[in-house]
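Q: Please take a close look at the cavities of this model. What lines them, and which elements give the most to the lining?

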Amino acid sequence: MTEYTFTGEVTIDGTVHQVTADLTATPVNPSPTGGTTTTTTGTTTTTGTTTTTGGTTTTGTTTTGGTTTTPARKCYFGVWDPSTVNWNTPDGNPVGTWSGAQLFSAAPVESVTYFNAWLGPFPTVLDSIAAQHNATVYFNMEPWNTWGNGPTPTMSDIAKGVYDSSLTAIGNAIKAGGNPVWLTFAHEMNGTWYPWGINKVAPGQWQAGYKHVADVIRAAAGNLVQMVWCPNNNDVGPVTPYWVGDEYADIVAADMYLNQYAVQAGLSYNTFNKNTTTEIRTLTDKPIWNAETGVFGTGREQVITQWVADMQADGLMGFTYWNEDVFALTTSEIAALCAAVNKWNAS
């Protein structure tokens, strides 16, 4: 059982009342921050803040006597930057840092991305640093570039349990750290650039591998791990054949860039990326996170501002910015991005 406290204003027949209420309830596994909520009943308008002992705060407005849909809530904002990982260590093992996230400190960074080579260790240092900053590691488990220059695994071997000892070790490390971790496996599977992509592995084989990884890691890590199902923007291929069901998608995501093609064609989030969220919403009612994204070009301040606003309007729960290569931002562009995130959070 968990104690909850609600404080806020309740308007009844035009009169505003200040209300504080305590209740005790059994919590369920919550949806991530984001998405939309629709409520229809009665004739009461309630505005307030609900705070749980787990540290999640939700602020919003529910209008009864009609239907009010609240916009996406606080932006779950993440960062990938090359400086997130220090490779120049005495033993050659990567060590996570907060340097990349610090570049975006004008907005609250809640997620830092880490890409893990197959059979590589869990980034315990980054996990600890992220927790100190009230953030979560987004752990990308990629079945290639095998640690120690080993062979690239096949999806069928993964599904058969050949690598279960390594998967269990990852789960045990997550549990030992004691911090929530978001984990995706073999992402962007509807693209063609990975050995697990649509041109290499059948969707059914991919699903079997993903589900086995989820089962093994969940068994070791327990509720600390959240499995992230994450295809690419569907301009490269449909996402539906890869859907694993709500049971295996704690977090529903997609990697949706405003890439060189889109920018040069004059496209926007609404005309290039929204088709993907529309397809995903035929599969699940869960909120959607843009798990890896960037905007191509230069002088992008205005484009970035509108792009973030469009994601919010589409009901996304947030996004992670890929600050590398052609998508790396200048100081002024980072400022524009952070301002857009803060505006989202304030709305």
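A: A cavity is a set of points, on a 1 Å grid over the protein atoms alone, where a 1.4 Å probe fits but cannot get out; lining residues have an atom within 4 Å of a point. Grid points are joined across faces, edges and corners, and a volume is the space filled by probe spheres set on the points. This is a predicted model, in which local features need pLDDT of at least 70 and side-chain atom pairs count only at pLDDT 80 or more, while totals for chains, interfaces and linings use all residues. Residues are numbered from 1 along each chain as its sequence is written, and side-chain values use heavy atoms, with hydrogens and water left out.

Two cavities of 30 Å³ or more are present. The largest cavity has a volume of about 40 Å³. Its lining consists of Asn116, Ala117, Trp118, Leu119, Gly120, Met141, Ser166, Leu167 and Ile170. Helix α4 (residues 164-177) contributes the most to this lining, three residues; helices (H or I, at least four residues) and strands (E, at least two) are DSSP runs, numbered from the N terminus. By class, six lining residues of the largest cavity are nonpolar, three are polar and none is charged. Here Ala, Val, Leu, Ile, Met, Phe, Trp, Tyr, Cys and Pro count as nonpolar, Asp, Glu, Lys and Arg as charged, and the others, Gly among them, as polar.

The second largest cavity holds about 40 Å³ of space. Around it are Trp80, Thr113, Phe115, Tyr138, Asn140, Ala291, Glu292, Thr320, Tyr321 and Trp322. Two or more of these lining residues come from each of β10 (111-116), β11 (136-141), β15 (288-293) and β16 (318-322). β16 gives the most, with three residues. This lining divides into six nonpolar residues, three polar and one charged.

Definitions and conventions: 1 Å grid on protein atoms, 1.4 Å probe; cavity = no way out; pocket = protein on both sides within 12 Å on 5 of 7 lines; lining within 4 Å.
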